[in-house]
Amino acid sequence: MNTPGSLQWNLALIEEANEASALFAHGLRIIKATTYDYDDASPAMALLALGAEKLLKLTIGMARLDRGEPWPSKNHMQRIRHRVVVADAQARAQLDLTRGTVPYHIQARRAAIEADPVIAAELNALDRFGDQGRFYFLDSLGDDPQVQPSPRSIWAGMVSSILAADVDLSAQMNTQDGWKAGRQVINQAVYRSLFDWWEFYRAVWMTGVLGTQAKEFSSAIRLLRH
């Protein structure tokens with residue numbers, strides 16, 4: 001039987017965790033190299049949304065195990081669908097940040113994430129892309145257009161908000177010579193928020209907030225080659 005702690009179960013967990021981190025890391029690499037959102041936003045969101053969904057569902061599962069409950073059923077995970085925002089809310093709600101080896105550090109990291117408007121917009125875009133938005137234009141071709149905005153427009157709005165918050169950067173990008181350097185500033189801001197969000201969850205695993213089992217497997221969600 002594939003029960004938590006068995007060899008088969010451990011191997012499956014490692015595989016899923018490695019896939020999650022690999023997908024997210026590939027998405028981050030696209031972010032760092034982005035020149036135009038029109039070309040790069042959708043490929044990045046496809047990788048980031050799937051990687052984030054896997055990480056969050058793993059976190060929800062590890063939280064259940066730590067409470068002595070069974071791993072969530074396939075049906076439970078399917079009810080979350082591909083909703084990154086929903087999964088993120090569920091995962092955070094199950095975290096007792098008074099636990100672990102460095103509770104004040106983890107609490108500070110969570111506060112920083114919750115105060116970051118960029119990650120909020122990014123997760124909203126990933127939520128739309130993962131759940132329904134990846135077929136946004138295909139649905140329009142089928143004469144059944146979606147009412148909600150496209151993931152790419154949400155992503156573009158997030159980039160615009162970064163520009164609007166920095167007058168000097170906005171002015172710089174209005175010049176031909178300043179565009180490339182300015183784009184890198186934007187890319188770094190987008191990248192940093194996503195990276196910090198992921199690292200918050202990795203720290204939750206690594207410092208024992210979710211118990212010893214998550215701590216033992218925390219290296220499997222380390223972002224490599226990002």
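Which helices each supply at least two residues of the lining of the largest cavity? I will come to that after a few words on the model.

This is a predicted model, in which local features need pLDDT of at least 70 and side-chain atom pairs count only at pLDDT 80 or more, while totals for chains, interfaces and linings use all residues. Residues are numbered from 1 along each chain as its sequence is written, and side-chain values use heavy atoms, with hydrogens and water left out.

Now the answer: helix H2 (37-66), helix H8 (151-164) and helix H10 (176-206). Helices here are DSSP runs of H or I with at least four residues, numbered from the N terminus. A cavity is a set of points on a 1 Å grid over the protein atoms alone where a 1.4 Å probe fits but cannot get out, and lining residues have an atom within 4 Å of a point. Grid points are joined across faces, edges and corners, and a volume is the space filled by probe spheres set on the points.

The search of the whole structure gives 1 cavity of 30 Å³ or more, and the volume of the largest cavity is about 50 Å³. Its lining consists of Ile31, Thr34, Asp37, Asp40, Ala41, Trp155, Val159, Arg183, Asn187 and Val190. By class that is 5 nonpolar, 2 polar and 3 charged residues. The nonpolar class is Ala, Val, Leu, Ile, Met, Phe, Trp, Tyr, Cys and Pro, the charged class is Asp, Glu, Lys and Arg, and the others, Gly among them, are polar.

Two of the lining residues deserve a slide. Asn187 sits in helix H10 and counts as buried because its relative accessibility is 2%; buried means under 20% relative accessible area, exposed over 50%, and partly exposed in between, with a 1.4 Å probe and protein chains only. Leaving aside residues up to four places away in sequence, Asn187 touches Ile31, Lys32, Ala33 and Thr34, where contact means heavy atoms within 4.5 Å. With the same exclusion, Trp155 touches residues including Ile31, Asp37, Ala41, Leu126 and Val190.

Next, the largest pocket, with about 210 Å³ of space. A pocket is an open set of points with protein on both sides within 12 Å along at least five of seven lines. Helix H1 (7-33) and H2 are the elements that give two or more residues to its lining, and H2 has the largest share, 5 residues. The lining has 7 nonpolar, no polar and 4 charged residues; Trp9, Glu16, Lys54 and Trp71 are among them.

Last, backbone angles. Most residues other than glycine have a negative phi. Asp143, not a glycine, has a positive phi of about 65 degrees. Asp143 lies in the loop between helix H7 (136-141) and H8, and counts as exposed because its relative accessibility is 68%. Arg225 has a positive phi near 50 degrees and is found in the segment after helix H11 (212-217). At 67% relative accessibility, Arg225 counts as exposed too.
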